[in-house]
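Hello, and thanks for taking a look at this one with me. Please keep the model open beside this note as you read.

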Amino acid sequence: MSDATISTDASDLTDEAAALDAADELRAKRDAFTLDDTVYLDGNSLGALPRSVPARLADVVAREWGQLRIRSWEESGWWTAPERIGDRVGRIVGAAPGQVVVGDSTSVNVFKAVVAAVRIAQERGAHRDQIVVDEATFPTDGYIAESAARMTGCTVRAVAAGDVPTAVGPRTAVALVNHVDYRTGRLHDLPGTTAAVHAAGALAVWDLCHSAGALPVGLDAHGVDLAVGCTYKYLNGGPGAPAYLYVAREHQPRFDSPLPGWNSHADPFGMDTSYTPADGAVRGRVGTPDILCWPAGWKRRRSRPYGGPDVRYVPAGRVRSVTPAAHAERGSQVALRCADAGPAMAELVRRGVVGDFRRPDVLRFGFTPLYTGFAEVERAARVLADVLDEVG
């Protein structure tokens, strides 16, 4: 469905959506999730429940914990889960085995990644005392960058994500950038920005929370240094599911975590009072893995080109899209600015279309490739048009 060839006739669009669904290779995947007649367009906040999870979780609780108990650290693979599941995430984000470790929250992993990256950069030269940050970043990333700067003797420079390539320079230690803007859905140039950061002699840290699982990432292919992300959005890991940390193989020998824990020790059961880091991605671990929160199964497919046609159903002048129109410039969501956004979203939810409201005036809709169909998007847009006519 290209942006340039969408029919503006509602009946034509309904027929076209049905035809696209009939031909969609992902159509059968929807049955793998617990869904109903609601049009669920909030997978960029919390992914739907895979049907396999309740039985798997029950087995972990009843058999692995209830019967095997302490034996499960070895017999059920609990101890090696952060690396084993990390390799599965690695396949999704384009990382070869041994570079991703799963555990902790996204916030904790951002802290580990930024501080460690600054330390690596400052080994190259003490003059590198600046952390460049995407000025529209999710607030926590900005808070953590400020804290990391205080810890490492750096200052923070906030610039637009698109300006990072020209903002980095000889004083830059690290650039922390979001792959997809959480509010607008804009997709940022990961390959080009990473190359520009490297040309300045700095390291690139990417936040993948709103891209991994919906868009190709290619961490290895594009030479990314470190990256972090969550697993409860497009990866459908559920509330409380741990985040992940990617450390490129070339940086692992110099990865100096600001949170050294016994799980990342070279000899964790030696209980040595001095810290010797393990080799490889294990250095990204801190404490005991939270086994009951591990995601059950993740798959990745390319996001469908939803973003262009949706706003064509909406009454002119009532909303303005803040998501780029060009498919190559957007993530797997559409964000619409609307004066009545709060009441509109409440009414949408009441009518069975679930997105989310971002203050003060943004309606945000996320599209998960594995279970969102074209006809659902068409239905959501029609309901939105009706709601806006009524609340205005």
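The points below go through strands, loops, cysteines and surface in turn.

1. **Ground rules.** This is a predicted model, in which local features need pLDDT of at least 70 and side-chain atom pairs count only at pLDDT 80 or more, while totals for chains, interfaces and linings use all residues. Residues are numbered from 1 along each chain as its sequence is written, and side-chain values use heavy atoms, with hydrogens and water left out.

2. Helices and strands here are DSSP runs numbered from the N terminus (H or I of at least four residues for helices, E of at least two for strands). How many residues of strand S6 are buried? Five of the five, across residues 203-207. Buried means under 20% relative accessible area, exposed means over 50%, and partly exposed is in between (1.4 Å probe, protein chains only). The cover reaches both faces of S6: Leu203, Val205 and Asp207 are buried on one side, and Ala204 and Trp206 are buried on the other.

3. **The neighbours of S6.** Two strands pair if DSSP finds at least two bridges between them. Strand S5 (residues 172-178) runs parallel to S6 and is joined to it by five bridges. You can follow the pairing through Val174, whose bridge partner in S6 is Leu203, and through Val177, whose partner there is Trp206.

4. Four bridges join S5 to strand S3 (residues 130-134), and the two run parallel. To find this pairing, look for Val132, whose bridge partner in S5 is Ala175.

5. **An antiparallel sheet.** Please look next at the open sheet of four strands in the order S9-S10-S13-S12, where the pairing is antiparallel. Why is one side of S9 and of strand S12 (356-358) left without a neighbour in the sheet? Both stand at the edges, each with a single partner strand, so one side of each has no neighbour there. Within the sheet, strand S10 (residues 333-337) and strand S13 (residues 362-366) pair over five bridges, and Gln333 has Gly366 as its bridge partner in S13.

6. **Backbone details to check.** The peptide bond from Arg359 to Pro360 is cis, with omega near 5 degrees; Pro360 is in the loop between S12 and S13. Arg69 is not a glycine, yet has a positive phi of about 50 degrees. Arg69 sits in the loop between helix H2 (53-68) and helix H3 (72-75) and counts as exposed at 52% relative accessibility. Asp104, also not a glycine, has a positive phi of about 65 degrees. Its place is the loop between strand S2 (100-102) and helix H5 (106-124), where Asp104 is partly exposed at 29%.

7. **Cysteines.** How many disulfides are there? The count comes to zero, with a disulfide taken as a pair of cysteine sulfur atoms within 2.5 Å. The sulfur of Cys209 has its closest cysteine sulfur in Cys230, at 3.8 Å, which is too far for a bond; Cys209 is buried at 10% relative accessibility. For Cys293 the closest cysteine sulfur is again in Cys230, at 14 Å, also too far, and Cys293 is partly exposed at 30%.

8. Leu292 is in the loop between strand S8 (244-247) and strand S9 (320-321) and is partly exposed, with a relative accessible area of 41%. The C-alpha atoms of Gln252 and Ala17 are 47 Å apart, and the two residues are 235 residues apart along the chain.
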